[in-house]
Amino acid sequence: MDKSPKIVLFDGVCNLCDKSVQFIIKRDKKEVFSFASLQSPEGVALLNKHHLPQDYTDSIVLIDGERAYKKAEAALIIASHLSFPWYLFKIGKHLPHWFTNFWYDLIAKYRYSFFGKKEDQCDLIHQKRRYTTTEL
């Protein structure tokens, strides 16, 4: 089994992203994932390390060891680690990226309109699941 750290970077001001992280935490029975907002010092450091723009907030990012996954690919990999029935979404990894990313981008484009936005970055993560710079 792969023991590399799996860090989910999410938009810390997005209500949909906040709810998505809470969803993952509840269904991540093996505690595979740690979390950091894209706007946090840890998130920015990881974006820099993986050559992504510091202001990148259009997608969830999954850091898995030395690889960074974005958009639908990241979401489907995350789902593959969740409890039943959610891990069944891993079959979506076999669909073309243009197709899965089309739907991902459509939701991302309207996420603030439909779900709202926080004024400040969220600090919702349970301390034991928060990714910190000491792990960099």
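Q: Is Phe23 buried, exposed or partly exposed?
A: Buried means under 20% relative accessible area, exposed over 50%, partly exposed in between (1.4 Å probe, protein chains only). Phe23 is at 29% relative accessibility, so Phe23 counts as partly exposed. Trp86 counts as partly exposed too, at 29%. This is a predicted model: local features need pLDDT of at least 70, side-chain atom pairs count only at pLDDT 80 or more, and totals for chains, interfaces and linings use all residues. Residues are numbered from 1 along each chain as its sequence is written, and side-chain values use heavy atoms, leaving out hydrogens and water.

Q: How many aromatic pairs does a search of the whole structure find?
A: Rings of Phe, Tyr and Trp (its six-membered ring) pair if their centres lie within 6.5 Å; planes under 30 degrees apart count as stacked, over 60 as edge-to-face and the rest as tilted. The search finds 6 pairs. In one of them, the Phe23 and Trp86 ring centres are 4.9 Å apart with planes at 80°, so this pair is edge-to-face. Phe23 lies in helix H1 (residues 15-27) and Trp86 in the loop between helix H3 (71-79) and H4, so the pair ties together parts 63 residues apart in sequence. Helices are DSSP runs (H or I, at least four residues), numbered from the N terminus.

Q: Which residues form one aromatic cluster with Phe23?
A: Trp86 and Phe89.

Q: What sits over the ring of Tyr112?
A: The test is NZ of Lys or CZ of Arg within 6 Å of the ring centre and within 35 degrees of the ring normal. The charged end of Arg111 qualifies, 4.5 Å from the centre. Lys117 lies over the face of Tyr112 at 4.7 Å.

Conventions:
Helix = DSSP H or I, 4+ residues; strand = E, 2+ residues; numbered from the N terminus.
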